[in-house]
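Welcome, and please have your viewer ready.

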Amino acid sequence: MAMPMRRTLLTLHRATQSNLKSAEASLDVLHPIPLLLPVRTKKRYFIPPAVGLKGKSEENPEAKARAAGIVFRQQYLERPINIACTAGIFDPYIPPEGDARLSTLSKEGLKQRTEQIRQSAASQLAIRKVKEHDSEFKTKDFAERAQEIFIEAHNALTQFNKEKLHSLVTERCYPEMTRGNRYKTIRWRFVESLEPPRVVHARCPDMVTKGNLYGQVTVRMHSKQTLAIYDRFGRLMLGSEEHSKDVLEYLVIERHLINPYGRWRLHGKIVPSWAPAKDPIIKTVIIPGPELKPGQEFDALNYEVPKPAAVQWKLGFLLFEKGFWLLRHWKQQVSLRMNKLPCPEANEAASFSTEYHTSLE
Amino acid sequence: MRRRKESNMATAMTGRGFIGSIYGLLQTRLPVLGGGPLQLSCLHTSSSLESKSWERRNLKVYPPQLPDEPRRPAEIHHSRRQIKYSKDKLWYLAKMIRGMSVDEAIAQLEFNDKKGAKIMKEVLLEAQEMAVKNHNVEYKSNLYVAESYSGKGKYLKRIRYHGRGMFGIMDKVYCHYFVKLVEGSPPRKEERTSLDQAKEYVQSLKSRTIIHSL
């Protein structure tokens with residue numbers, strides 16, 4: 001910047017001088033120029049930050065601090081966690097096959113009805129332990145209380161009242177109930193109870209340390225409910241509001257017995273392996289086809305859609321893609337026949353031509 | 001009252017700066033001019049730099065539809081922020097795919113030579129997957145691009161050296177890309193031939209009303 005200015009100044013100087021002393025100017029003598037370097041006075045409002053040159057981040061601030069003698073106390077990264085519920089259902093109840101399928105008048109039906117909780121010794125022990133800690137526990141009215149908790153929890157789920165839901169449902173059960181439901185509308189209604197609920201199973205597991213007791217009680221209830229789930233745009237995804245369904249459920253209610261402020265909360269559901277398939281969703285779903293070797297062709301006519309094995313779900317709530325609070329596992333509900341090749345490119349083409357039929361078991 | 005306001009303004013001017021004082025002036029003036037909250041709602045209340053309103057449109061929940069209502073088409077909003085590309089260059093691609101079905105748009109972008117095409121294709125595929133997984137769209141090909149546009153991202157500024165010690169501020173350009181997919185087949189574009197346009201023109205001439213004439 002200074003060099004060109006000096007040059008221009010020089011020529012200016014010479015130009016002015018040439019009128020006065022032409023002889024000196026023609027001799028090309030360099031006279032000392034007065035220091036009149038103009039300085040930029042207008043302020044630049046924005047100068048972009050200098051991008052760091054390559055040799056910048058070599059200093060180690062940690063080493064410097066240590067050399068200077070600064071000592072930091074050791075930081076203990078501790079965070080207390082309060083566990084108020086167990087992680088699963090311990091020693092789950094295996095519901096007998098054909099429960100609620102037989103009428104009470106037949107012989108087998110009577111046998112089932114008379115199978116009381118007194119049969120299982122472990123459950124009796126567990127109930128005795130529970131009564132030690134919770135003096136008001138009675139098997140007879142506990143079942144009704146359990147049903148009330150169930151109804152209130154589901155009503156809170158429809159309104160999505162988080163605080164109430166947390167007080168009625170354990171932390172393990174909460175994500176299972178609510179995953180994927182945040183932007184959906186759920187309409188659930190408890191119509192009536194077909195049979196009085198009763199306690200069928202009880203266990204008192206302890207977590208981590210020996211004395212940390214939790215009580216888990218399984219309650220069987222047979223009732224009529226309506227469920228309708230609408231997606232984000234108000235379109236019906238599953239179920240219907242008018243048709244009610246008879247539902248047989250095994251609820252697990254849990255309480256942290258040692259905690260004096262513990263409450264009986266819904267912990268999970270047991271879905272038996274012989275449970276019938278649910279209604280399918282109102283949507284076509286593509287099931288991935290078999291893996292083919294290159295050159296192998298897909299035989300659509302002889303291909304049978306593989307059915308999942310019937311397993312007892314002690315996790316309880318159903319995670320149907322986005323997670324619905326539903327009764328039985330969804331995998332049995334949709335079976336689909338692919339008319340074209342199962343490879344990914346053809347899947348897109350086949351997406352319009354897939355037939356959709358409900359599974360009938 | 002006025003004197004106090006003016007003195008306030010003066011102090012504000014010295015403290016913050018000219019623009020800040022004008023803003024303060026406007027703030028004190030506006031409620032006086034209009035009528036309360038209705039007029040104030042025209043001001044931008046949230047700063048437009050960090051508010052991601054496009055993504056928040058995906059969180060809107062509609063009430064359940066009655067059975068006699070026509071089925072509401074699903075709308076999926078997706079965007080990608082701070083793409084290292086120019087917004088003006090990306091606009092051409094965004095304009096190209098407006099109104100196309102998703103498959104067609106993805107195919108066109110796949111064979112386009114521009115840098116933004118690859119990024120846009122990724123965004124469309126992501127949006128398609130999101131639609132099927134989260135927004136209850138039944139067929140992933142049953143979507144079309146309803147809206148697609150590019151926006152300016154936050155630029156980084158660097159120095160570009162010129163001769164004679166001059167420098168310029170170089171912008172490292174970034175852009176955002178927004179796309180909205182709607183369920184259904186793409187809307188038919190009305191094709192108007194030149195003959196139709198000519199006929200319309202003649203018709204408009206014929207239907208003129210002539211006033212103040214015999």
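Across the interface of chain A and chain B, the rule finds 1 salt bridge, where a salt bridge is a side-chain nitrogen of Lys or Arg within 4 Å of a carboxyl oxygen of Asp or Glu. The partners are E183(B) and R235(A), whose side chains meet at 2.7 Å, N to O. Please keep in mind that this is a predicted model, in which local features need pLDDT of at least 70, side-chain atom pairs count only at pLDDT 80 or more, and totals for chains, interfaces and linings use all residues. Residues are numbered from 1 along each chain as its sequence is written, chains are lettered from A and ligands numbered from 1 in the order in which they are written, and side-chain values use heavy atoms, with hydrogens and water left out.

**The interface**

The side of chain A that touches chain B is made up of 11 nonpolar, 4 polar and 8 charged residues; here Ala, Val, Leu, Ile, Met, Phe, Trp, Tyr, Cys and Pro count as nonpolar, Asp, Glu, Lys and Arg as charged, and the others, Gly among them, as polar. In all, 23 residues of chain A are in contact with 32 residues of chain B, contact meaning heavy atoms within 4.5 Å. The two chains bury about 2,700 Å² between them, with 58% of it on carbon and sulfur atoms; buried area is the accessible area (1.4 Å probe) that two parts lose on being put together, summed over both. In chain A, the residues that lose the most area to chain B are R232(A), F233(A) and R235(A), together 29% of what that side buries.

**Salt bridges**

Over all chains, the count comes to 21 salt bridges by this rule. Three of them are listed here.

| Pair | Distance, N to O |
|---|---|
| R265(A) and E171(A) | 3.2 Å |
| E195(A) and R220(A) | 2.6 Å |
| K121(B) and E110(B) | 3.6 Å |

How exposed are these partners? R265(A) is buried, with a relative accessible area of 11%, whereas E171(A) is partly exposed at 35%. Buried means under 20% relative accessible area, exposed over 50%, and partly exposed in between (1.4 Å probe, protein chains only). E195(A) lies in strand β1 of chain A and R220(A) in strand β2 of chain A, so this pair ties together parts that are 25 residues apart in sequence. Both E195(A) and R220(A) are buried. In chain B, K121(B) is partly exposed at 21% relative accessibility, and E110(B) is also partly exposed, at 44%. Helices (H or I, at least four residues) and strands (E, at least two) are DSSP runs, numbered from the N terminus.

**The nonpolar interior**

A nonpolar core is a set of buried Ala, Val, Leu, Ile, Met, Phe, Trp, Tyr and Cys residues joined through side-chain atoms within 4.5 Å. The largest such core has 39 residues, of which F137(A), F142(A), V169(A), V217(A), V219(A) and W264(A) touch the most other members. Among its elements, α6(A) gives the most, with 8 residues. Not counting residues up to four places away in sequence, F137(A) touches I127(A), V130(A), K131(A), F142(A), V217(A) and W264(A). Apart from this core lies another, of 28 residues, including I83(B), A94(B), A117(B) and Y177(B).
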